[in-house]
Amino acid sequence: MITLYGGPTPNARKVAIALEEMQLPWRLHPIDILSGDQLAPEFVALNPNNKSPVIRDEEVPGQEGPLVLWESGAILLYLAEKTGGFLPAAPRERAVCHQWLMFQMSAVGPMFGQNAHFSFYAKDRHDYAIARYANEVTRLLRVLEGRLAESPYLAGDAYTIADMATYPYTLRQMEARAAEFPQLKRWSDVVGARPAVQRGMEVGRDHLRKETIEGGLSGLSDEQRSILFGDRQYAPR
Ligand SMILES: N[C@@H](CCC(=O)N[C@@H](CS)C(=O)NCC(=O)O)C(=O)O
């Protein structure tokens, strides 16, 4: 049994999609990041970086004892290697899959996150930062569009963990910008039609908060700002 510590956020959804695609038995341990669950000592003991997702796998192939793992990209690679699925075996395709997974982890995730931060969550308006991250989002979407114009999926002909990692991030962009990025929209529709993706995207949906973009963006309280971006986030632990 695998426990996924997370909530209705893009990084936890990647992992829930993979668990569903790979048909692994799993359960959710809800982490509400707006209430500060990620700062609790018992969670920091699992992930000293105080972010979700984290998994705990009780059945590590060929080894005694559980594995606790954080960083969604590392989790996707572990699950793919554990099950032998969604990661190409041939060296060239495998390397290209790693490339697009790293691109999601190092560029799409952080830049889309900063875009949301400065456009929606920051209390003060910083025009330079808003433009900087909005431009980066557009540039990264163009990179994905170019790749998907030459290939059905990010790593090539096969659907892989690179697609699972990227889909939860680009979905909202496709709702508003489909005409600008037709290949990305085509890919997004194909990935989004997979039943396992639909089930994975539901992870923690009953814990969705109205303060989040997807929840309707009612605005963060001072306490929530402190947890995510202020004194409570940066207090020494
Ligand atoms: N690089 C990390 C990023 C994890 C991350 O930023 N998680 C967010 C939710 S999507 C979080 O836990 N935020 C809580 C906080 O920053 O305190 C990963 O891919 O796992």
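This is a predicted model: local features need pLDDT of at least 70, side-chain atom pairs count only at pLDDT 80 or more; totals for chains, interfaces and linings use all residues.
1. Ground rules. Residue numbers start from 1 in each chain, following the sequence as written.

2. Helices here are DSSP runs (H or I, at least four residues), numbered from the N terminus. H4 covers residues 91-121, and its 31 residues should span 45 Å at 1.5 Å a residue (the expected span being 1.5 Å times one less than the number of residues). The end C-alpha atoms sit 42 Å apart, which agrees. There is a bend of about 35° at Gln104, taken as the angle between axes fitted to the seven residues ending there and the seven starting there.

3. What H4 buries. Its buried residues include Cys97, Trp100, Leu101, Gln104, Met105 and Val108. Buried means 20 or more other C-beta atoms within 10 Å of the residue's own, exposed means 12 or fewer, and partly exposed is in between, with C-beta atoms placed from the backbone. The packing partners are H3 (72-83), H5 (127-150) and H6 (161-177); contact means C-beta atoms, placed from the backbone, within 7 Å.

4. H5. Tyr133, Val137, Leu140, Leu141, Leu144, Arg147 and Leu148 are its buried residues. Their cover includes H4, H6 and H7 (182-192).

5. H1 against H3. The axes of H1 (residues 10-21) and H3 come within 9 Å and cross at roughly 5°; these are lines fitted to C-alpha atoms over the stretch in contact, with angles from 0 to 180 degrees between N-to-C directions. That makes the two helices roughly parallel (angles under 35 degrees). On the H1 side are Asn11, Lys14, Val15, Ala18 and Leu19, meeting Ser72, Ile75, Leu76 and Leu79 of H3.

6. Thr160. You'll find Thr160 in the loop between H5 and H6, and with 25 other C-beta atoms within 10 Å, Thr160 is buried. Leu87 is 73 residues away in sequence, yet 5.7 Å away C-alpha to C-alpha. Beyond four places in sequence, Thr160 touches Phe86, Leu87, Pro88, Cys97, Tyr153 and Ala155.

7. Lys210. Lys210 lies in the loop between H8 (195-201) and H9 (222-229), and counts as exposed, with 10 C-beta neighbours inside 10 Å. Leaving aside neighbours within four places in sequence, its contacts are Gly215, Gly216 and Ser218.

Definitions and conventions:
Two residues are in contact if their C-beta atoms, placed from the backbone, lie within 7 Å. Angles under 35 degrees count as roughly parallel, over 145 as roughly antiparallel, 65 to 115 as roughly perpendicular and the rest as oblique.
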